[in-house]
Amino acid sequence: MTLKLHNTLTKTTEDFTPLSDQKVTLYTCGPTVYNYLHVGNWAAYIYWDTLVRTLLANGYSVERVMNITDVGHLVSDEDAGEDKVQTGAKREGKTAWEIAEFYSKNFIDGMEKLGLIAPEFVTKATDFIHEQLELVRNLKNKGFTYQIDDGIYFDTSKFPTYANFAGLDLAAQKAGARVEFNDQKRQPSDFALWKFSPPDEQRDMEWNTPADLLEGDAPHKGFPGWHLECSAMAMSILGETIDIHAGGIDHIPVHHTNEIAQSESASGKKFANVWIHNNHLKVNGTKISKSLDNGYTLDDLEQKGFNLLDYRMFILQGHYSNEGNFTFDNLEAAKNRLKNWRNFAALRHQTHDTLVDDGDKTGTDKTVLLLAASQAIVEALNDNLDTPAVLAIVDDAFSKLENLTTDVIHQHGLNQLIDTIDETLGLQLKQTTPDILDTQKQMILERQLVRHNKNWVRSDEIRDELLANGIALKDTSGSTIWQYA
């Protein structure tokens with residue numbers, strides 16, 4: 001089945017055809033590193049990790065850039081207010097550089113804990129100042145910029161298709177509605193490419209503005225606009241046209257619209273062939289906000305006794321394009337689902353490859369479906385990353401093993417299914433389901449013997465001792481299966 005993705009650019013779900021037969025170029029929006037990320041932020045990174053894994057499952061190599069925004073993202077998300085990293089620095093009594101370094105490391109550590117595949121390029125905006133200034137220079141030479149008191153701006157009237165991507169009604173747009181009011185801007189939709197540092201303020205992060213970019217003789221210190229950063233990093237590494245650009249739906253009307261305008265004005269080419277956007281995650285049915293104190297971090301989840309793979313399972317239970325709702329009850333349900341999957345994964349230590357013909361071939365018929373489930377998983381992911389359908393496929397495949405004796409469960413088919421789950425969903429089933437000790441296996445055999453001899457006291461003693469070591473026993477007709485308690 002051909003991979004299909006919903007393309008925000010065309011407003012349709014369409015077959016994905018990369019620029020190269022073998023390689024996909026991908027840009028995914030990264031964090032602004034001024035505070036800890038909350039569960040709503042992290043959802044996007046799990047969705048895009050699933051995208052990467054789906055591309056790999058389809059035989060593509062992936063060249064991916066993800067930005068670290070450590071300067072230039074203003075608190076309004078547009079062109080007014082204080083830099084978010086500067087705000088974090090004041091909050092904690094540190095420099096902007098120290099804040100950016102601390103929260104960048106915290107983000108990378110979180111990615112590792114969640115089992116996310118590391119992008120080939122994790123790029124900091126402050127490492128690409130030269131490339132950003134070159135992009136401003138290109139746009140200035142082509143007549144797309146103008147200068148006002150607080151910086152160099154992009155003239156959106158020079159890009160006729162500016163409103164198309166987000167379906168904006170520019171004629172009805174009033175200054176101060178979509179963007180902060182600035183009476184020097186030619187159009188309300190115009191946006192800053194390069195901001196000048198306030199004359200009465202020395203910023204931690206600022207750079208000399210090249211003289212050829214300025215109108216007038218007065219020198220200026222400045223810093224890049226948030227939108228400029230992503231275009232410069234994406235095009236300098238991946239090329240002027242990329243296959244896929246991914247991010248949140250909140251970026252469509254401003255950030256991504258501005259990326260398209262400046263990138264395509266500079267290159268004369270389409271910036272990205274496919275744009276894919278994830279929806280919001282609410283908490284207890286409400287928007288995540290400081291006032292509600294509901295922006296739970298990964299540390300918060302761990303302190304409440306959850307593994308971060310439980311959270312990963314929770315996110316995969318919803319489709320990236322749908323609005324999600326985080327509650328601790330929902331997270332608990334995801335935890336139980338993952339525990340159940342792990343116990344089925346543990347069956348691979350208790351099975352073998354020889355199928356026993358029991359007359360009606362019950363074992364053969366049911367376990368051969370494990371092989372079909374692996375293919376069905378990839379097909380569901382190819383249908384616009386349908387992770388809820390994938391989870392239903394796995395649940396159904398595992399349910400068919402319920403109450404089967406281990407001698408009729410095909411080890412190879414089970415192993416292949418678990419490998420497919422781990423490769424596409426990143427749930428680390430094999431890594432988190434080690435075999436038990438030989439001494440513990442001997443205890444299970446002893447218990448089977450004493451049960452046969454109706455020594456129920458010793459049978460219970462063995463069961464309790466194993467349970468104390470995290471091993472639960474499930475007696476079926478003809479065999480005993482061990483599980484993780």
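This is a predicted model: local features need pLDDT of at least 70, side-chain atom pairs count only at pLDDT 80 or more; totals for chains, interfaces and linings use all residues.
Phenylalanine 16 is buried, with a relative accessible area of 5%.

Which partner does phenylalanine 16 have in an aromatic pair? The partner is tyrosine 60, and the geometry is edge-to-face, with 6.1 Å from centre to centre and 85° between the planes. Phenylalanine 16 belongs to the loop between strand 2 (12-15) and strand 3 (23-28), while tyrosine 60 belongs to the loop between helix 1 (39-57) and strand 4 (61-68), so the pair ties together parts that are 44 residues apart in sequence. Tyrosine 60 also counts as buried, at 17% relative accessibility. The cut-off for that term is under 20% relative accessible area.

A second pair has another geometry. Tyrosine 146 and tyrosine 153 are stacked, with centres 6.2 Å apart and an angle of 25° between the planes. Both of these tyrosines are buried.

How many aromatic pairs does the structure hold? The count is 24. Some ring pairs join into a cluster, whose members are Tyr296, Phe306, Tyr311, Phe314, Phe326 and Phe328.

Arginine 203 is placed over the face of phenylalanine 223, 3.6 Å from the ring centre. Lysine 94 is placed over the face of phenylalanine 102, and here the distance to the ring centre is 5.2 Å.

I turn now to the backbone, and to two residues with positive phi. Aspartate 293 has a phi near 55°, a positive value in a residue other than glycine. This aspartate is found in the loop between strand 13 (281-283) and helix 7 (298-303). Leucine 385 is likewise not a glycine, and its phi is positive at about 55°. Its location is the loop between helix 11 (369-381) and helix 12 (387-399).

Is each of these two residues buried or exposed? Aspartate 293 counts as exposed, at 64% relative accessibility. Leucine 385 counts as buried, at 3% relative accessibility.

Next, the start of the chain. Methionine 1 sits in the segment before strand 1 (4-7). Where in the sequence do its contacts lie, leaving aside residues up to four places away? Methionine 1 touches Asn58, Glu379, Asn382 and Asp383. The C-alpha atoms of methionine 1 and valine 378 are separated by 8.5 Å, although the two residues are 377 residues apart along the chain.

That brings me to the chain as a whole. Of the contacts with a separation of 6 or more, 76% are between residues 24 or more positions apart. The chain contains 15 helices and 16 strands. Its C-alpha trace spans about 100 × 50 × 35 Å along the principal axes.

Of the 485 residues in the chain, 52% are buried.

To close, I return to the pair with which I began. Phenylalanine 16 and tyrosine 60 meet edge-to-face, and the two residues come from separate loops, so their pairing ties together parts that are 44 residues apart in sequence.

Conventions: Residues are numbered from 1 along each chain as its sequence is written. Side-chain values use heavy atoms; hydrogens and water are left out. Helices (H or I, at least four residues) and strands (E, at least two) are DSSP runs, numbered from the N terminus. Buried means under 20% relative accessible area, exposed over 50%, partly exposed in between (1.4 Å probe, protein chains only). Contact means heavy atoms within 4.5 Å. Rings of Phe, Tyr and Trp (its six-membered ring) pair if their centres lie within 6.5 Å; planes under 30 degrees apart count as stacked, over 60 as edge-to-face and the rest as tilted. A charge sits over a ring if NZ of Lys or CZ of Arg is within 6 Å of the ring centre and within 35 degrees of the ring normal.
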